[in-house]
Amino acid sequence: MKTSLQKSICAAAAALALYGGQAQADFITVGTATDNRIQTDTRWTRDNVYILGRVMFVTNGATLTIEPGTIVRGLPSSLTGFAEEPGTLVVSRGGKLIANGTVDAPIIFTTIDDPNVPGGLNTVPDSFTNVLGVNIQVKGEGRAPELNLNNYTPGGPEGDNGFSKSGDWGGIIMCGRGHVSANTGNLDANADGIWDLHAASLAESAGQFQNQGVGTDFPEGLASGSGSQVLNANLALYGGTDDNDSSGVLRYVVNRYGGFVLGAAAVGNEINGVTMCGLGSGTVVEHVEVYQNKDDGFEWFGGTANTRFLFSSANQDDSFDGDEGFRGNHQFWTAIQGTINTTPDASLRAGFAVNQPIGQVETASDYRYDKLLEWDGGEPNNGDRLPRTNLKVFNFTFLAGNAKKEGLSIVLEALVGVHNGIIENASSISRGSESAGGIFTTLLTWSNVFTYNSVTTGGVIVKQDATPGNLVSTVAMVDYDIVDQITPLTPTNVSQIASPWSFSATATVPVPSPIYTKNGLDPRLAPAAPARTSAYAVDLPAGMVNAGFAGSMRDNNQMFGWTSLHAMEVLVEDNLARPVVTLGEDEGNPSISFPSAGADIKYVIEKSTDGINWTVVTETPVSDATTVSFTDVTTEIDERVLYRAYGL
């Protein structure tokens with residue numbers, strides 16, 4: 001029997017990994033001047049650094065496997081040599097991406113010159129040759145003008161530091177065969193996403209974009225209708241009839257500083273950090289961070305890909321976005337917005353050597369951190385298309401910045417439920433109305449949601465009064481369907497997380513945000529927070545954890561040790577020790593035991609037969625004052641199985 005054991009690390013070891021002396025890597029520019037396809041099974045190894053030379057498609061049924069610890073670097077269009085092709089990775093329908101990283105060896109997608117990775121500057125090339133044969137200088141004098149602002153330290157000068165970059169390469173786009181409510185008719189009596197007046201078959205040939213009644217679409221910037229000239233852009237077609245489709249695995253993947261405009265240079269064509277288009281439920285997406293992206297952090301277009309442990313940090317548009325009939329369940333989401341470098345809302349980098357505003361927002365036309373959660377229905381808008389968008393999020397922490405402060409926006413016939421969560425510093429939670437004549441109604445439901453906004457009278461955003469279904473509001477709120485309650489916090493208990501996420505509306509000097517304060521950000525629940533022991537008895541989908549608290553993290557900072565926020569030195573330096581698992585036998589079944597950090601700590605045990613797909617064994621977390629012991633009665637001792645344990 002093999003086991004998957006997690007070993008504890010400390011901040012010093014993490015720093016050594018980030019800036020250590022790994023041997024000089026080999027640099028491989030991916031793509032050619034005439035081709036941007038990966039058409040056979042390919043493996044990228046951690047001893048090389050891979051440079052996305054242009055928009056690259058994993059196609060023809062090929063699988064791209066990226067080893068844990070591998071670094072992938074993207075380029076802006078000016079360095080690829082193609083006006084509309086920043087370095088970008090697109091997984092076509094039928095292709096697969098296996099990016100199965102670990103907490104100690106995450107797979108990192110970043111810019112060409114970011115040194116905040118394992119191996120540090122040794123993984124940044126002195127120069128490279130792009131796919132057009134042009135040599136690009138990266139380090140030292142004579143480097144490309146685009147790289148003159150190359151300071152990635154958190155204490156660098158204003159406008160040139162690790163907090164001030166975005167839009168420097170493309171992103172990750174995954175396209176699957178799940179049902180999509182776009183570009184089809186609304187005559188769908190079976191609610192299967194297929195226009196019932198047409199054949200339910202897939203049309204693979206280029207040009208049949210209606211797909212014979214099956215909903216399909218193209219990602220932003222890759223549709224011919226937008227004027228895209230990207231080579232092989234038709235390979236980005238997504239949608240189909242297989243909601244169980246698998247496009248691979250994203251696990252312990254870091255994506256930072258992306259969002260370059262793709263295709264025709266039109267507003268809205270910035271690439272999301274991770275775009276999931278028609279992905280089926282066989283796709284694994286968990287422990288993924290998107291940091292400092294020019295557009296959304298994560299966005300879904302149809303499909304049924306469920307996720308866990310997603311972290312959207314300081315992304316300039318929405319933290320989480322979706323539409324086109326996406327249906328799925330998610331747990332343990334974290335959104336942390338930045339703040340804007342304008343008086344009086346400048347965000348100082350407190351505790352760093354250079355204590356200046358971060359310089360994140362470059363022009364007044366930038367998004368300036370939009371909604372924490374934006375979810376729409378099918379396309380066209382209010383078109384009564386099927387399948388309907390139906391999202392459920394359990395255990396989330398959403399921390400709004402100090403700009404738009406827009407919280408949740410549910411519009412255009414979407415169905416959204418949010419349960420056991422925290423929303424801080426947002427001033428709006430809204431369900432938009434649909435156009436007249438539609439047969440579908442937009443619906444937002446919630447239960448056990450804690451809110452606080454420091455600039456709203458009494459610290460209350462919304463609350464339910466004594467009459468079920470009625471709403472009392474201190475700001476303009478409209479059209480809710482209340483399942484249970486939103487709990488307002490009083491000024492004596494202003495924050496549920498350990499680092500108070502509130503900003504003064506009357507301060508005469510800028511107030512540093514914890515996200516830009518050295519070792520000052522702790523998104524775990526505060527010791528006295530009511531959310532630590534509060535959980536509404538909502539029916540959880542199979543395989544999810546009955547956590548018993550509200551929020552995405554209780555005692556274990558799931559971002560610790562591997563994310564960009566850890567590299568930027570803003571997370572507190574201590575964390576719950578990772579369990580060291582011992583395996584044994586108990587009457588023919590495997591037994592799992594490990595030291596506990598205390599009687600109040602909640603742990604989850606999972607198992608896997610392939611190291612890719614993990615099943616929660618303890619849907620109700622286990623605890624013990626000294627040693628946690630658990631017997632897996634669903635598994636025989638002679639079966640090949642892997643186990644892992646983690647704290648919540």
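Mentor: Before we start, contact here means heavy atoms within 4.5 Å. This is a predicted model, where local features need pLDDT of at least 70 and side-chain atom pairs count only at pLDDT 80 or more, while totals for chains, interfaces and linings use all residues. Residues are numbered from 1 along each chain as its sequence is written, and side-chain values use heavy atoms, with hydrogens and water left out.

Trainee: Thanks! So what does Asp522 touch, not counting residues up to four places away in sequence?

Mentor: Asp522 touches Ile497, Ala498, Ser499 and Val572.

Trainee: Where does Asp522 lie?

Mentor: Asp522 is in the loop between strand S29 (486-488) and helix H3 (564-567). Those labels come from DSSP runs numbered from the N terminus: helices are H or I with at least four residues, strands are E with at least two.

Trainee: And is Asp522 buried or exposed?

Mentor: Asp522 counts as buried because its relative accessibility is 9%. Buried means under 20% relative accessible area, exposed is over 50%, and partly exposed is in between, using a 1.4 Å probe and protein chains only.

Trainee: Switching to Asn48, what is it in contact with beyond its neighbours within four places in sequence?

Mentor: Asn48 is in contact with Asp26, Ile28, Thr70 and Ile71. Its place is in strand S4 (residues 48-52), and at 11% relative accessibility Asn48 counts as buried.

Trainee: Which side chain does the Asn48 side chain join through a polar contact?

Mentor: That of Tyr50, at 3.1 Å. A polar contact is a pair of N or O atoms within 3.5 Å; within protein, one must be able to donate a hydrogen and the other to accept it, and residues adjacent in sequence count only if both atoms are side-chain atoms.

Trainee: What about the largest nonpolar core, which residues touch the most other members?

Mentor: Of its 55 residues, those are Phe320, Trp333, Leu373, Trp375, Phe398 and Val418. Strand S22 (residues 390-399) gives the largest share, four residues. Such a core is a set of buried Ala, Val, Leu, Ile, Met, Phe, Trp, Tyr and Cys residues joined through side-chain atoms within 4.5 Å. Another core, of 46 residues, lies apart from it, and its members include Ala25, Ile336, Ile497 and Met568.

Trainee: Which strands are joined to S20 by bridges?

Mentor: S18 (residues 307-313) has six bridges to S20 and runs parallel to it, with Leu310 opposite Trp333. S20 and S22 also run parallel, joined by nine bridges, and Ala335 stands opposite Phe398. Two strands pair if DSSP finds at least two bridges between them. Strand S20 (residues 327-336) has nine of its ten residues buried, so it is largely enclosed by the rest of the structure.

Trainee: Last one: what is the order of the open sheet of three strands?

Mentor: The order is S30-S31-S35, with antiparallel pairing. Strand S30 (582-586) and strand S35 (627-631) are the edge strands, each pairing on one side only.
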